[in-house]
Amino acid sequence: MQTSQIDLVTFGPEHLGAAIDLSRQAGWPHRSEDWQMALALSEGVVAVEDGQVVGTVLMTPYKTECATINMVIVDETMRGRGLGRRLMDAACQIAADRPLRLVATAEGLPLYKKLGFCEIGTVLQHQGVVGEIAAPTETEDATVGDLHALTELDRVAFGADREGLMAYLAKVGEFAVTRRDGRISGFAALRSFGRGEVIGPVVAADLTDAKALVRHFIAKRPSRFLRLDTTDDSNLSPWLAELGLAHVGGGIAMAKPQIHRAADRAAATFALANQAFG
């Protein structure tokens with residue numbers, strides 16, 4: 001087979017079944033609902049040969065401020081033939097002039113470097129089952145009226161307006177918040193994903209509040225399978241492992257062009273689940 005025989009076509013709902021099969025082949029835990037969420041918030045293409053989907057890529061735009069590249073999968077029988085490069089080129093073209101971010105696997109790292117992406121950090125994936133723990137006293141469930149404030153806090157922490165993502169999370173999941181002087185100072189999200197549920201994003205003014213927000217959902221889900229992705233500089237990883245959420249892998253956070261987090265932001269994004277839809 002040659003990549004010249006493969007057509008790249010717009011990723012539509014009719015391709016979801018084949019995309020799920022590819023992610024299972026790659027060992028990813030994504031359910032149909034997880035793919036539906038990713039596609040609902042994104043644009044992308046699939047690679048098709050003889051009517052069969054052999055590759056996928058999605059580009060998730062956050063207004064005009066930036067975009068993430070997600071769900072880059074090439075059928076194992078097609079690897080090493082340049083298809084990953086074609087898919088990435090297509091996603092970059094869809095993104096136009098938006099700055100780009102992605103989380104790279106070890107296998108994809110060389111390609112992304114060739115495409116001009118720079119390493120900006122390490123993402124650590126934690127997951128497992130935690131028994132009963134005490135609920136924190138400084139957190140509470142968010143209300144419907146909190147969504148605008150949560151979205152603005154996320155925009156400051158992430159560096160781009162993720163209004164669509166936040167609205168989708170409000171529809172399929174739930175939020176917890178911390179409040180200071182009557183105003184929301186941090187939040188965490190929880191939604192179903194893969195084998196269980198995923199906590200994130202988590203945005204907090206400091207590490208203490210970040211831990212409280214994570215504990216809020218762990219306390220509500222005793223003996224349930226939970227996942228949380230964080231960065232190596234958040235200082236959450238050792239604490240998560242102590243709780244029983246083992247470090248099981250992760251990836252390399254990359255950006256094009258290189259980005260630098262502003263030092264004077266009022267909040268920090270401690271947990272980055274949903275940045276790349278798992």
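## Exercises around strand β5

Alanine 67 stands opposite leucine 100 in β5. The model is a predicted one: local features need pLDDT of at least 70, side-chain atom pairs count only at pLDDT 80 or more, and totals for chains, interfaces and linings use all residues. Residues are numbered from 1 along each chain as its sequence is written, and side-chain values use heavy atoms, with hydrogens and water left out.

**Exercise 1.** Find which strands pair with β5, and in which sense.

*Solution.* Start with the terms: strands are DSSP runs of E with at least two residues, helices are runs of H or I with at least four, and both are numbered from the N terminus. Two strands pair if DSSP finds at least two bridges between them.

Next, take β4 (residues 66-74): 2 bridges join β4 to β5, and the two run parallel. The chain gets from β4 to β5 through helix α3 (residues 83-95), in a right-handed β-α-β crossover (clockwise from the first strand over the helix to the second, with the strands pointing away from the viewer).

Then turn to β12 (residues 246-256), which pairs with β5 in the antiparallel sense over 5 bridges. Here lysine 256 is the bridge partner of leucine 100.

**Exercise 2.** Check whether the length of α3 agrees with its residue count, and list its buried residues.

*Solution.* The expected span is 1.5 Å times one less than the number of residues.

Now for burial (under 20% relative accessible area; exposed is over 50%, partly exposed in between; 1.4 Å probe, protein chains only). The buried residues of α3 are Leu83, Gly84, Leu87, Met88, Ala90, Ala91, Cys92 and Ala95. Their cover includes β1 (7-10), β2, β3, β4, β5 and α4.

**Exercise 3.** Name the residues that touch the most other members of the largest nonpolar core.

*Solution.* A nonpolar core is a set of buried Ala, Val, Leu, Ile, Met, Phe, Trp, Tyr and Cys residues joined through side-chain atoms within 4.5 Å. This core has 26 residues, and those touching the most other members are Ile69, Leu83, Met88, Leu102, Phe117 and Met254. Helix α3 gives the largest share, 7 residues. In soluble globular proteins, nonpolar side chains tend to be buried together.

Finally, look at contacts (heavy atoms within 4.5 Å). Not counting residues up to four places away in sequence, methionine 254 touches several residues, including Leu100, Leu102, Tyr112 and Phe117.
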